[in-house]
Amino acid sequence: MSSVDVTDYRPSEDETFMNPRQREYFRNKLLGWKDEILRESRVTLENLQEESQNHPDMADRASSESDRSLELRTRDRQRKLISKIDAALKRIDDGTYGYCEETGDPIGIARLDARPTATLSLEAQELHERREKVYRDE
């Protein structure tokens, strides 16, 4: 871990792209996001264990099972998100974070701030989505 101070820091387009301060900012953002997801998962597990009682009423049981199913699907999506966060942290370590996987161009600070796991520039993402739509429509 670096000792770069990022307290009250917001990256800007005016500075050198992916300088040590920006990398540390995004590392902290990703780690905080991951910690939040893991904390929420622990709470969900505790709630599921507490709510495993039998419901005498069929409607209550169905409602409870529906809620549980929705919660488990949400947790599964978040588990996949943790994999993306881990991959982004690895890219920070190997120096490829912030650069488009297809073009090699900088992704952009605003896009990374909004979506820190982004691997494509906005232009490459839009092209990818257009191609996907064409194949889906055929």
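When I say helix, I mean a DSSP run of H or I with at least four residues, while a strand is a run of E with at least two, and both are numbered from the N terminus. For residues 100-124, an unreviewed UniProt entry lists "zinc finger region: dksA C4-type". UniProt positions are given in the numbering used here, feature names are shortened, and such annotations may be inferred rather than shown by experiment.

Before going on, please keep in mind that this is a predicted model, in which local features need pLDDT of at least 70 and side-chain atom pairs count only at pLDDT 80 or more, whereas totals for chains, interfaces and linings use all residues. Residues are numbered from 1 along each chain as its sequence is written, and side-chain values use heavy atoms, with hydrogens and water left out.

Now to the core. A nonpolar core here is a set of buried Ala, Val, Leu, Ile, Met, Phe, Trp, Tyr and Cys residues joined through side-chain atoms within 4.5 Å. Buried means under 20% relative accessible area, exposed means over 50%, and partly exposed lies in between, with a 1.4 Å probe and protein chains only. The largest nonpolar core has 21 residues, and those with the most contacts inside it include Met18, Phe26, Ile92 and Leu112. Helix H1, helix H2 (58-94) and helix H3 (109-114) each supply at least two residues of this core, and the largest share, six residues, comes from H2.

Methionine 18 sits in the segment before helix H1 (20-50), and it has a positive phi of about 55° although it is not a glycine. Methionine 18 is also buried, with a relative accessible area of 6%. Leucine 112, if we leave out residues up to four places away in sequence, touches Phe17, Met18, Phe26, Tyr97, Gly98, Ile107 and Ala118, where contact means heavy atoms within 4.5 Å.

Let me turn to charged side chains. Side chains of opposite charge can pair when their charged atoms come close. We call it a salt bridge when a side-chain nitrogen of Lys or Arg is within 4 Å of a carboxyl oxygen of Asp or Glu. How many salt bridges does a search of the whole structure find? It finds eight, and I will describe some of them.

In one, the side chains of arginine 27 and aspartate 93 meet at 2.9 Å, N to O, and this pair links helix H1 with helix H2 across 66 residues. Arginine 27 is buried at 15% relative accessible area, whereas aspartate 93 is exposed at 57%.

In another, aspartate 113 and lysine 29 meet at 2.8 Å, N to O, with aspartate 113 in helix H3 and lysine 29 in helix H1, 84 residues apart. Aspartate 113 is buried at 16%, and lysine 29 is partly exposed at 28%.

Finally, arginine 75 and glutamate 40 form a salt bridge at 3.8 Å, N to O, which links helix H2 to helix H1. Salt bridges that share partners also join Arg10, Lys29 and Asp113 into one network.
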